[in-house]
Amino acid sequence: YATKFSVDYLSNDGRLIRIDDDSCFLVLPEGADVPKGLDDEITVLQRPAEHIYLAASAAMDHFCKIGALDAVSFTGTKSSDWYIDEVKNAMEEGNLHYAGKYNMPDYELILKEKCPLAVESTMIFHTPEVKEQLEENGVPVLVDYSSYEQHPLGRSEWIKLYGVLTGHEQEA
């Protein structure tokens, strides 16, 4: 049902994710070598992704449902604004940290902790300079287009993408 992303399963156990905005991510197994001659437009990520900055708050439930909350280290939503108990608890326990809203992230914290990926909602397009700044500093940005899916099951299928990123494909 999802039309805003696709995942190709590669023979080397890699995954090629294509997102609606023409971004492309090659997700490789931990320790795998990056293929030679790879197009510059393809962003390489190692699986499982950890220390994610998740500013697309609607996606947080997907991470929780597949048991991948521990892959998220930073959120763009304060503890008092979360409605998901697992997230509130993770923040209270110090396992998840507020790293600024999508339009004003705490770059210093994100870079200091070597965040390998920022997951943003389409709201990031209202402040393109933030996306550019993250990417210029080596933090790839994956934009979640789930809210643009026409079918409710298409929105739900984004859980599969997060399963690919975190190594929780079976749970997704």
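This is a predicted model: local features need pLDDT of at least 70, side-chain atom pairs count only at pLDDT 80 or more; totals for chains, interfaces and linings use all residues.
**Entry 1: the largest pocket**

Residues are numbered from 1 along each chain as its sequence is written, and side-chain values use heavy atoms, with hydrogens and water left out.

I noted the term: on a 1 Å grid over the protein atoms alone, a pocket is an open set of points where a 1.4 Å probe fits, with protein on both sides within 12 Å along at least five of seven lines, and lining residues have an atom within 4 Å of a point.

Among the lining residues I listed Asp21, Asp22, Cys24, Phe25, Lys131 and Glu135. The lining divides into 4 nonpolar, 2 polar and 6 charged residues. Here Asp, Glu, Lys and Arg count as charged; Ala, Val, Leu, Ile, Met, Phe, Trp, Tyr, Cys and Pro count as nonpolar; the others, Gly among them, are polar. Strand β3 and helix α4 each supply at least two lining residues. Helices (H or I, at least four residues) and strands (E, at least two) are DSSP runs, numbered from the N terminus.

**Entry 2: the open sheet**

I traced an open sheet of 4 strands in the order β1-β2-β3-β4, with mixed pairing. Two strands pair if DSSP finds at least two bridges between them. The edge strands β1 (5-9) and β4 (42-47) each pair on one side only. From one strand to the next the twist averages 20°; angles run from 0 to 180 degrees between N-to-C directions of axes, which are lines fitted to C-alpha atoms, for helices over the stretch in contact.

β3 (residues 24-29) runs parallel to β4, joined by 6 bridges. I found Pro29 bridged to Arg47 in β4. Helix α6 (residues 158-166) packs on the sheet and touches β1, β2, β3 and β4, where contact means heavy atoms within 4.5 Å.

Which bond joins Arg47 and Pro48? I found a cis peptide bond, with omega about 0°. Pro48 sits in the loop between β4 and β5, and His51 lies in the loop between β4 and β5. Phi of His51 is near 60°, a positive value in a residue other than glycine. Most residues other than glycine have a negative phi, and most peptide bonds are trans.
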